[in-house]
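Please read the following account alongside the sequence and the three-dimensional view.

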Amino acid sequence: MSGPDLSARFLGNAAAAAAGAHSVSGTGDLLAALGRIVPAGSPVYCPGLTELEKAAAPLFPNRVADCMAAEVTVEEVFGAIAETGTIVCVSEGGRAVQAGLLPAHHVAIVRRDRIFATLDDLLAAVAGAPPTNITLVTGPSRTADIELTLAIGVHGPERLDVIVA
Amino acid sequence: MRAQLFGTCLVDSFFPEVGEATVKLLRRFGVTVTFPKGQTCCGQPAYNVGYQAEARSVAGHFLSVFRGEDPIVTPSGSCAAMVKHHYPALFRDDPKMRAAAEQAAGRVFELSQFLVQVLRAHEKGFPGKGKVTYHSSCHLTRALGVLEEPLILLQSLRGAEFVPLPDAALCCGFGGMFMAKLPEISCALAEEKADSIVATGADTVTGCDAGCLMNISDAMKKRGSPVRVAHLASLLAEGI
Amino acid sequence: MSDAQTSLSFRSNAGKAVRNQKLRAAMKHAADTFGAKRIDAFAPVADVEAMRDRASAIREEVLKNLPRYVDQFVASATRAGATVHRAKDATVAKEIIRKILADRGARRIVKGKSMVSEEVDLNAHLEAAGMEVVETDLGEYIIQLEGEAPSHIIVPAIHKDRRQVGKLFSERLGVPYSDDPQVLTRTARKVLREKFLSADAGVSGANFAAADTGSLVLFTNEGNGRMVTTVPPLHVAILSIEKMIPSLADFPDFIRLLPRSATGQTITSYVSVITGPRKPGDATGAKELHIVLLDNGRTEILGGESRDILKCIRCGACMNVCPVYRTVGGHAYGWTYPGPMGLILTTLLTGMAKSHPVVDASTLCGACVDVCPVRVPLVDIILQLRRRKVREGFSDPKEKAGMALFGKVAASPALFALGQRLAGRFWPVVRVLGGKDVAGRMPAPAKTPFRRKAP
């Protein structure tokens, strides 16, 4: 499967799991997309650890240092899985594992070349020496514990946006 | 062609008309039917609740009665599955009996299976009437793998309309001794099955196991339903 | 627990459940919903049968070499920085956990959903030691507020409708009444968020453990599993020994099978792989990780004829399709695990003397075998247990005498024919003796048995 197909498959499956699915080309395009996705003025946690995060950070005037205080987390994640529409968050490189969990809105940026076709490909890539925490995230937090009626945003985010960049 | 008929204890004692219909059907397709004397039961009542010695004794008797090479045909998916799958296991540690069990297992057929696979009875078709739905019994479908044969036969009923049963794969609650051990659950399941049957608007419900049909019939009677409950053998034989 | 239903009282529990129309409607709704979603979720998967074969083979390999995989897991997890404890039974496991928590002064405990912790009755033990234990899975939280046990392993509060939950929340949490699941969920989020942030420790279960890396793997939808395992400074995980999978690389098929079989989802919202506690350079995560491996009779089960039940991955698919479970619900089974796999585990883990009536809780229809993602021969095991029940003398004496008679009569054509004649003649009496539940549901015997008309 070629790059564009993988990206389309990932975004299609992410959308099917109730995530906002976006594709951008280039930094300018990414910043424009973030401008549309992130409500203006919200407290944003953007760790600024990667090039993409560094590029995005100045966009948020109300940037907070602690994800607990944020309403939105904007971060680049380890990768994605096309098969399931999943983003892959890992604790490597000093990344806060709860950043994508505590705020009500999680915006995950995935580099196009970090999309794995299948679960097998992803696990083969991490199985040798796994970091402390790997979390596969597919869609927003959900429950059907009351009468099997779907409710969104239990303990994790009620809104998840994925951006392929 | 010759075949040995295993009537089953339920048909023998409670539903002789199903046995007679089976004979009529088999003869219609040129089968010489024998009824091995001394046959009783396949042993499931004991086997299914864990009475291994008693089940073995009854199974041993069955094997002593059903000898020879002719196919064994029975109007019950459950009893056929018992012979086919559980007899060899019952005599696992007895080489001589095990050989007899495997020999019998290799030639046992449930009636609809025999009619379609061996006699190709559906090709000629049967006269039929009304609106018919069908309950697929659990042992027939899951243990014996007979899913299509009864449907093929029902679709060959000329003049009858076949309507599929919703949740057809759900157990009717009979379960042999289960109906006696946990009657409330058994009745509740039969009621649920009766609901599905009534919802189809069929005037007849049919099936391949007298036990399930007996349980369903009771639930239909309790609600005063006019829907007729008839074994597939009876339904097919009445037009010929 | 608000009711005294035990496995020994299964028959009367079931009778009560059958008459509870509200419960039956909820159970039917759940069974139908999960059944349909499961079928839809598997529909687009190419070669499901081969996938089930592979998963079954991996589980079989684990059982064949379980002690070796457990040892390997202990070594790997220890290398990753976790402290692993082995508990031979429930009492030991509870005490290990209490001591870990007490030694660190932990008072406020948040819990993720764990059937193994229900199996050992952990909450009561910790509460008796003065700790506050809060279940954080929404369903578990609801039944904890109500003082009940789970009725379903995936959807613990399946027996409660939205109005009951609304009433419970308004009474116990002092919030305005609402029966909107989204509003109720938001209430739980708010209440439980405070609990997470102030907790001294998190206690979770695990769906699987990878022997080669020492990782724990958890499947959740709500995110409470992620909270419990990463927010408090101390994380204690309890799991039973058979949850081993040889390698992290073996997981794709289990990730594909478990959510589809359980809830009809392609994948759960979250799948967490946790390998050891926070390490130098990690920004967050529990500073200390303790893993309690529970045996509680499993090594003995492994040596017996019913060992294949240990392949089970607790998806609950067998429960959702079981005609008995969908009619009576989980509480009637009287212990932690309901449904086909549950009645087997109940019998094997608590002993025949405490559980023998639940081995009757199957029509042997085989629907469970059709859906089991790892091909546990559930019907064969139920038959094994019924034979054991008879062998060990737990069957009803009247039934035993009746079966002895059946064994003789049905093996003798003369006696069988005599029995038929007697039953025919005395049917009105049989009907009265057999009661409306049994003989009352059968037609009268035929005047002339088929054998006398047969060719």
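A residue is called buried if 20 or more other C-beta atoms lie within 10 Å of its own, and exposed if 12 or fewer do so. The model discussed here is predicted.

The fold of chain A comprises four helices and 11 strands. Its radius of gyration is 15 Å, close to the 15 Å that the globule rule gives for 165 residues, so chain A is as compact as a globular protein of that length. The C-alpha trace of chain A extends over about 45 × 40 × 30 Å along its principal axes. Of the contacts in chain A between residues at least 6 apart in sequence, 68% join residues at least 24 apart.

Chain C may be described in the same terms. Its secondary structure consists of 22 helices and 10 strands. A compact globule with 455 residues would have a radius of gyration near 23 Å, and the 25 Å of chain C agrees with this. Along the principal axes, the C-alpha trace of chain C spans about 85 × 55 × 45 Å. Buried residues account for 55% of the 455 residues in chain C. Where contacts in chain C have a separation of 6 or more, 74% of them are between residues 24 or more positions apart.

The domain assignment divides chain C into domain 1 (45–298), domain 2 (307–391) and domain 3 (397–452). The centres of domain 2 and domain 3 of chain C, taken over C-alpha atoms, are 30 Å apart.

Chain B is assigned two domains, domain 1 (2–115) and domain 2 (122–237). Their centres, again taken over C-alpha atoms, are separated by 22 Å. How many residues of each domain take part in the contact between them? Domain 1 of chain B contributes 27 residues, and domain 2 of chain B contributes 21. On the side of domain 1, the elements that give two or more residues are α1 (9–13), α2 (16–28), α3 (44–47), α5 (77–90) and α7 (111–118) of chain B. That side of domain 1 of chain B has 13 nonpolar, 10 polar and four charged residues.

G159(B) belongs to strand β6 (residues 157–162) of chain B. This glycine has 11 C-beta neighbours inside 10 Å, and G159(B) therefore counts as exposed. Leaving aside residues up to four places away in sequence, G159(B) touches P127(B), G128(B) and K129(B). By contrast, C172(B) is 13 residues from G159(B) in sequence, and the two lie 28 Å apart in space, C-alpha to C-alpha.

One pair of helices shows how chains B and C pack. Helix α11 (residues 183–200) of chain B and helix α1 (residues 10–19) of chain C have axes 8 Å apart and pack at an angle of about 30 degrees. Angles under 35 degrees count as roughly parallel, and the angle here therefore makes α11(B) roughly parallel to α1(C). Which residues meet in this contact of α11(B) with α1(C)? From α11(B) come E184(B), I185(B) and A188(B), and they meet A14(C), G15(C) and V18(C) of α1(C). By class, the residues of this contact are four nonpolar, one polar and one charged.

Terms used
Residues numbered from 1 in each chain as written. Chains lettered and ligands numbered in written order. Predicted model: local features only at pLDDT ≥ 70, side-chain atom pairs only at ≥ 80, totals over all residues. Domains from an automatic or database assignment. Contact = placed C-beta atoms within 7 Å. Nonpolar A, V, L, I, M, F, W, Y, C, P; charged D, E, K, R; others polar. Axes fitted to C-alpha atoms, helices over the stretch in contact; angles between N-to-C directions. Parallel < 35°, antiparallel > 145°, perpendicular 65-115°, else oblique. Rg over C-alpha atoms; globule rule 2.2 N^0.38 Å.
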